[in-house]
Structures are given as C-alpha cells and as structure tokens.
Amino acid sequence: MSTKVPAVEFDGRLTKEQRRGRLKQLLSPKEFGGVYVWLLIIVVFAIAQPHTFPTGASVRTIANTYAISGIIALAVTIAMLCGLFDISVGYTMGLAACLSAWVMAHTSLPWWIAVLAGIGAGVVVGLVNAIAIVGFNLDPIIATLATGSIIAALTTAISGNLYIVDNVGGSFSENVARKSVFGFQEPFLVMLVLMLVFGFVLEWTKTGRFMYAIGFDRDTARLAGVRVQAIQTLTLVCTGGLAAVAGVMLTARIGAYSPGAGPPYLLPAFAGAFLGATMFRSGRFNVWGTIVATLLLGTGQFGILLLGGPIWSSDVFNGVALLFAMAVASFSPSAPARVRALSRLFGRRRPSPPVPSERLDPQ
C-alpha cells in the first residue's frame, strides 16, 4: 500500500496559498488604511474640481508646500518611536528660522554660514533636551515644554519680535529653497533624502532596531544590553537638527523671518506622525507612513482651498482624516470576523455544537 505524500516545494518559491496570503497582507487596511483614505480624497477632489485638481501643477504645489511640514513631522516621529515626546520642535524651528535670518541681515557672512548657524542652534537645543531628559531623568513632555518656553523667549530677544527681511531673500533663498528639479523645490527633495536616510537607519541597521526596542520597553532594552541613554541622546539631537532644517528652509522659502514662525507646525507634525503610525508598520511610528500622511493631509487641505473652504477647515480636516484612517486601520478584513461581529450586534448566535459526551449518551 503506497502513501501519497503531498508535494512540498523546497526551492524557496512560495506556494499559491502563501502568495495569496502575502498579497492579502500587503493590501490589508491594517497596513494601508491611510493610503486608501488618500486615494479616496484624490478621487473626491478630482470629481469636484476636474479642471484644476488632477493636474501636474497641483502635484508640484502640494509637494512643495507641505515639504517643510514633512521634515518637522520626521523630527517628531523619530523621537516618538524611541519613546520620547519632544514638543519643543516648533520653537526650535522658530529659533533656527530667526537665527539664520539674523545672520544674513546683520553680518556679511556667506549664506551657508547662516544655514550652519540655524542647524547648529537646533543641535544645541537637542543636547539641552537630552541633558534634561536623559541626564536628569525628567519627564520628556515637561522638560521639552520648559525648554520650548525658554527657546521662545530667546527667539523674541534675538528678533525683537519684528520681521527680519534685509538680505534674506537673495543668495540665501536662492541656494537653500528656490532651486528646483522638474518643478519640485529643494525642501521637497531634502524631505525625500531625509526620509530615505532615516528609513534605512531605522529599518536596516542595528541602531534602528535598538531605537524601536527602546520605544517598546526601555527597561527591557537596557537589560538586553542596549545603550539606552546614548541612543536617546542621539535621537534628541537628530530631532533638534531636523527641526532646525525645517526652520532654515522656511525662512529661505519665504525670504524673511516672521515672528511666531515654527509653533504653528507642531500640531500638524504630530497629526502626521500619528496618522503615519496607522500605515505600513501596524501601529508603529515609521518615517514612510509619516511622509505619506503629511502628503495626505496636504492633499486634503489643498483640495479644500480649491473648493473655497474657510481657513479653519484645514484643522477640521486634519482631525477628521486622523480619526477616519484609524477607524479604517482597525477594520478587520476577515469575513468570519465580520459575521461574528454582526451576530453579536443583532443578538443572533449560531447553535453550539453538541458536546462529545452528549453524542455518545444513548438516552
């Protein structure tokens, strides 16, 4: 009597069921809920504004307008995936914007010195935050709230709470923010480069895995031999530096420093980071999701502006998009799961199968 042995592939190729499961996982709303929302938004505004929205000019406008928001959202993301909340990034962005403009307006130094001055200020802020949070073990929210207040005061002292315009719109703006490739300006290109660099570090290096481990459980990571303090210090320095890059590019793009620049970017940055966490990594903060989320929010805000929406509609859209994407991410694609949910909803239960002992009972 021969026994039929099921065919098993040993050459590394996936079976049909495995390929189907892999495709199902890749297209799952749990991973791509935000992407589906983004596509829905594009379709809706393309139907509402068929002559102005689905154009190459609109794509370039969205990319160039919301690139700085993407950079500051990256700063927030890398801090949060390492278990840190840095709410001073908006003030750090304002300080870098102010300092770079002040250098151009009050000195004869070349434009790249102004860039280094702004980014250096962000690095120093990151070090100060690291000393407070890592060195003195202060709560990150309270510590960065305190440093943010100090940074705001320092920014006002430097600028005198006045606009800085002199010499800012010349070579500084031309070299830092206004050059373009196929219509995409430098801030957008810088955002893409930063996304690739930090994405590579986080996904394919030991340091990135350590950062995720610290974000999951700092004490366990420390017991496993991870140098928690060193990595958190590096993370906060990178966060401050990224916020400063966003501030310098904001000043260069506008061609002036405006009092109050920086803090308005804080809430959109956190919205982008949290919305991005619903994509690609199933609840984990990640740079890919953050950039897609930022462009999603920018697409919606741009479409609302084309429709003539009021100025407060952008904030409403941010909140609604975040809630909707999280709802889509929590949706289960499993048909049996949906059946069970509907049964519970309407109080209809399947009859329980008989217990084996009952089947064997002769009476």
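This is a predicted model: local features need pLDDT of at least 70, side-chain atom pairs count only at pLDDT 80 or more; totals for chains, interfaces and linings use all residues.
Residues are numbered from 1 along each chain as its sequence is written, and side-chain values use heavy atoms, with hydrogens and water left out.

The chain contains 17 helices and 2 strands, these being DSSP runs numbered from the N terminus (helices H or I, at least four residues; strands E, at least two). Of its 363 residues, 44% are buried, where buried means under 20% relative accessible area, exposed means over 50%, and partly exposed lies in between (1.4 Å probe, protein chains only). Among contacts (heavy atoms within 4.5 Å) with a sequence separation of 6 or more, 76% join residues 24 or more positions apart. Helix 4 is mostly covered, with 15 of its 15 residues buried, and just after this helix Gly 83 takes a positive phi of about 80°.

The largest nonpolar core has 65 residues, of which Ile 72, Phe 172 and Val 287 touch the most other members; such a core is a set of buried Ala, Val, Leu, Ile, Met, Phe, Trp, Tyr and Cys residues joined through side-chain atoms within 4.5 Å. When residues up to four places away in sequence are not counted, Phe 172 touches Ser 100, Met 104, Trp 111, Ala 114, Val 115, Val 248, Thr 251 and Ala 252. Apart from this core lies another, of 18 residues, which includes Phe 53, Val 292, Leu 296 and Phe 317.

Helix 7 (residues 140–159) has 20 residues and reaches 28 Å from its first C-alpha to its last, close to the 28 Å expected. Its buried residues are Pro 140, Ala 143, Thr 144, Thr 147, Gly 148, Ile 151, Thr 155 and Ser 159. These residues cover an arc of only 130° around the axis and therefore lie on the same side of helix 7, the arc being that of the directions from the helix axis to the C-beta atoms. On the other side of helix 7, Ile 142, Leu 145, Ile 150, Ala 153 and Ala 157 are exposed. The cover over the buried residues of helix 7 includes helix 5 (89–106) and helix 6 (111–135). At the start of helix 7, a side-chain oxygen of Asp 139 comes within 3.0 Å of the backbone nitrogen of Ile 141, and the helix is followed by Gly 160, whose phi is positive, near 65°.

Within helix 6 is found Asn 129, which is buried, with a relative accessible area of 1%. Residues up to four places away in sequence aside, Asn 129 touches Asp 86, Ser 88, Val 134, Thr 144, Thr 147 and Leu 236.

Phe 274, in helix 13 (residues 266–276), counts as partly exposed at 34% relative accessibility. Phe 274 and Gly 289 are 15 residues apart in sequence and 9.0 Å apart in space, C-alpha to C-alpha. As for the cysteines, Cys 82 is buried, with a relative accessible area of 0%, whereas Cys 238 is partly exposed at 25%. The count of disulfides comes to 0, a disulfide being a pair of cysteine sulfur atoms within 2.5 Å.

How values were computed. The expected span of a helix is 1.5 Å times one less than its number of residues. A polar contact is a pair of N or O atoms within 3.5 Å; within protein, one must be able to donate a hydrogen and the other to accept it, and residues adjacent in sequence count only if both atoms are side-chain atoms.
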